[in-house]
Amino acid sequence: MRTSHLLKRLIAASLTGLVLAQGALAQSFPTKPVSLMVPYPAGGLSDVLARLVNVPLAKHLNQPVIVENLGGVSGAIAAQKVLTAPSDGYYLFQGSPNELILSPLANAAVKFKSEDFRLVQMIGAAQMAIYARPNLPVNNVDELIAYARKEAAAGKPLTYASVGPGSFYHLLGEHLSKITGIPMTHVPYKGGAPANQDLIGGQVDIFMTVYGKSYQQLADSGKIKILAMLNKERLEGVKQYPAISESKQLKNFEFNIWTGYFVKKDTPEAVVQTLHKAITETLNDAAVRAGLEANSLLVAKPLPLTELNKVYNEGTAQFRGIAKSINLQPQ
């Protein structure tokens, strides 16, 4: 009996100590600069987003937030670096389904799983659009589907660009082909810039990727066509382009790609809560919101941690489902 009583007291003391340690950790974190890992080189949209956020976030954390760019393997190299760092919250990963969900499904060299990360807060979602080469003889989505079906029947399937096998844009093309029953040919590129060059030059037929003002300028000058935004309805800033819901053939083909901030899944809860609070406050900064909107991003509604876990799990299931439906195999 005495042994049992002593054991209970030891367990109770340990739990109390743990709670106190967590509280102390929450009060002390961070005590040094926090690294914000961006899984792409400087100069791209991901880098621009990080540099919109890092200074305001630093004010809320009372420590510098240093942007670190590390590209390669569809973002997996940067993600792996975060995983090899201590689980203390000093490495934040700015990621999306491209890096954390699709990369492990498409690349046999990537050994981590999406479950190795925890979503701390959403930042925003990039709108998607269907772009076509300037001389493609279609002007809307329904005409595109009819033309693609006719060309496929003649043994000349349309080509679609992506930024690499297993990327979100590759999955979209395969998904489009599957749900319409129209064969199409995947043309992978090493990045968006060479894909855009070939689209402008007429070497590839369509490219489904994120929307940006640069594409609007290309469309205005007649160098590409914007057939539709993959939105449920016409949104502010892109109302001149049809929403995908307006088409008859692809009414439910609605997609965007969101970006959020992640930590390792075993990061202490107190640290996660501190980061969550600081990022949420940063999202409420008017300058940050204006900057995101200026880059055609849909600003995320801040969510509680419990809801974020649900969003991440549902997103993982959705993308894994699409990958399975097109029989995506790790290469």
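Me: Which residues do ring pairs link into a cluster?
Reply: The model is predicted, with local features needing pLDDT of at least 70 and side-chain atom pairs pLDDT 80 or more, while totals for chains, interfaces and linings use all residues. Residues are numbered from 1 along each chain as its sequence is written, and side-chain values rest on heavy atoms, without hydrogens or water. Rings of Phe, Tyr and Trp (its six-membered ring) pair if their centres lie within 6.5 Å, with planes under 30 degrees apart called stacked, over 60 edge-to-face and the rest tilted. The cluster that such ring pairs link consists of Phe-168, Tyr-169, Phe-207, Phe-253, Phe-255 and Phe-319.

Me: Are Phe-168 and Phe-319 buried or exposed?
Reply: Both Phe-93 and Phe-117 are buried, a term for under 20% relative accessible area with a 1.4 Å probe and protein chains only, against over 50% for exposed and partly exposed in between. Phe-168 and Phe-319 form an edge-to-face pair, 5.4 Å centre to centre with 75 degrees between the planes. Because Phe-168 lies in helix 6 (residues 168-180) and Phe-319 in helix 11, this pair ties together parts 151 residues apart in sequence. As for accessibility, Phe-168 and Phe-319 are both buried.

Me: Which element gives the most to the lining of the largest pocket?
Reply: A pocket is an open set of points on a 1 Å grid over the protein atoms alone where a 1.4 Å probe fits, with protein on both sides within 12 Å along at least five of seven lines, and lining residues have an atom within 4 Å of a point. The largest pocket holds about 1,300 Å³ of space, and of its 49 lining residues the closest to the centre are Tyr-40, Ser-46, Val-163, Tyr-169 and Gly-192. Elements giving two or more residues to this lining include helix 2 (45-61), strand 3 (91-95) and helix 4 (97-106). The most, five residues, comes from helix 4.

Me: Which element gives the most to the lining of the second largest pocket?
Reply: Of the 21 residues that line the second largest pocket, Met-122, Ala-125, Phe-255, Asn-256 and Trp-258 lie nearest its centre. Strand 4 (117-132), strand 9, strand 10 (297-299) and helix 11 (305-325) are the elements that give two or more residues to its lining. With five residues, the most is given by helix 11.

Definitions and conventions:
Points joined across faces, edges and corners; volume = space filled by probe spheres on them. Helix = DSSP H or I, 4+ residues; strand = E, 2+ residues; numbered from the N terminus.
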